[in-house]
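Biologist: This one is new to me. Please walk me through it, one piece at a time.

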Amino acid sequence: MIRLEHIGIAVKDIASGNALFAKLLGEEHYKMEEVASEGVNTSFFRIGESKVELLEATNPDSPIAKFIEKRGEGIHHIAFEVADIYAEMARLQAEGFTLLNAEPKRGADNKLVCFLHPKSANGVLVELCQSIIEDSSI
Ligand code: CO
């Protein structure tokens with residue numbers, strides 16, 4: 001693991017979440033992005049080397065809608081940046097963690113991501129993420 005990349009927070013309404021976190025952190029969010037495949041709108045705040053990611057459901061079947069229904073708004077996941085997501089997935093699976101996706105998938109913020117089941121990680125939904133380096137020479 002390289003560092004704590006972000007903390008994901010489930011919110012009912014991303015506009016009011018943005019306003020609240022801008023007040024809390026003293027700075028506006030710097031971008032918003034929809035991840036249609038996951039049914040979420042996301043918004044990002046920078047905190048030093050790490051970020052806060054707000055997540056709002058875009059449909060009732062979204063994992064975020066289900067999370068909020070069950071547990072209310074709040075911390076949803078923590079994300080660690082890794083250098084090689086394939087290697088980390090293999091290592092963690094061998095260590096007994098349950099991977100929620102067998103292959104990395106494309107997440108927000110130009111990243112490959114993989115989630116670990118909270119039951120295998122002390123109740124914490126863990127996201128591994130690796131930045132996708134676009135080859136600008138092509
Ligand atoms: Co995340």
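**Strands, metal and a helix**

Biologist: Which residue in β8 stands opposite F80?

Modeller: L128 is the residue of β8 opposite F80. Strands (E, at least two residues) and helices (H or I, at least four) are DSSP runs, numbered from the N terminus.

Biologist: Before we go on, what sort of model is this?

Modeller: This is a predicted model, in which local features need pLDDT of at least 70 and side-chain atom pairs count only at pLDDT 80 or more, while totals for chains, interfaces and linings use all residues. Residues are numbered from 1 along each chain as its sequence is written, and side-chain values use heavy atoms, with hydrogens and water left out.

Biologist: Back to β5 and β8. Do they run parallel or antiparallel, and how many bridges join them?

Modeller: The two run parallel, and four bridges join β5 to β8, which covers residues 126-131. Strands pair if DSSP finds at least two bridges between them.

Biologist: And which way do β1 and β5 pair?

Modeller: β1 (residues 3-10) pairs with β5 (residues 74-81) in the antiparallel sense, over seven bridges. In that pairing, A10 stands opposite G74 in β5.

Biologist: Now the metal. Which protein atoms are donors of the cobalt ion?

Modeller: H6 and H77 each give NE2, and E53 and E127 each give OE. These donors lie 2.1 to 2.2 Å from the cobalt ion. A donor is an N, O or S atom within 2.8 Å of the metal (3.2 Å for Na, K and Ca), and water is not among the atoms, so sites may look incomplete.

Biologist: What spacing do the donors follow along the chain?

Modeller: The spacing is H-x46-E-x23-H-x49-E. H6 in strand β1 and E127 in strand β8 are 121 residues apart, and this pair links distant parts of the chain.

Biologist: Is H6 buried or exposed?

Modeller: H6 is buried, at 3% relative accessible area. Buried means under 20%, exposed means over 50%, and partly exposed is in between, using a 1.4 Å probe and protein chains only.

Biologist: What about E127, buried or exposed?

Modeller: E127 is buried too, with a relative accessible area of 5%.

Biologist: New topic. Where is A19?

Modeller: A19 sits in helix α1, residues 14-25. Its relative accessibility is 45%, so A19 counts as partly exposed.

Biologist: What separation is there between the C-alpha atoms of A19 and A79?

Modeller: Those C-alpha atoms are separated by 23 Å, and A19 and A79 are 60 residues apart along the chain.
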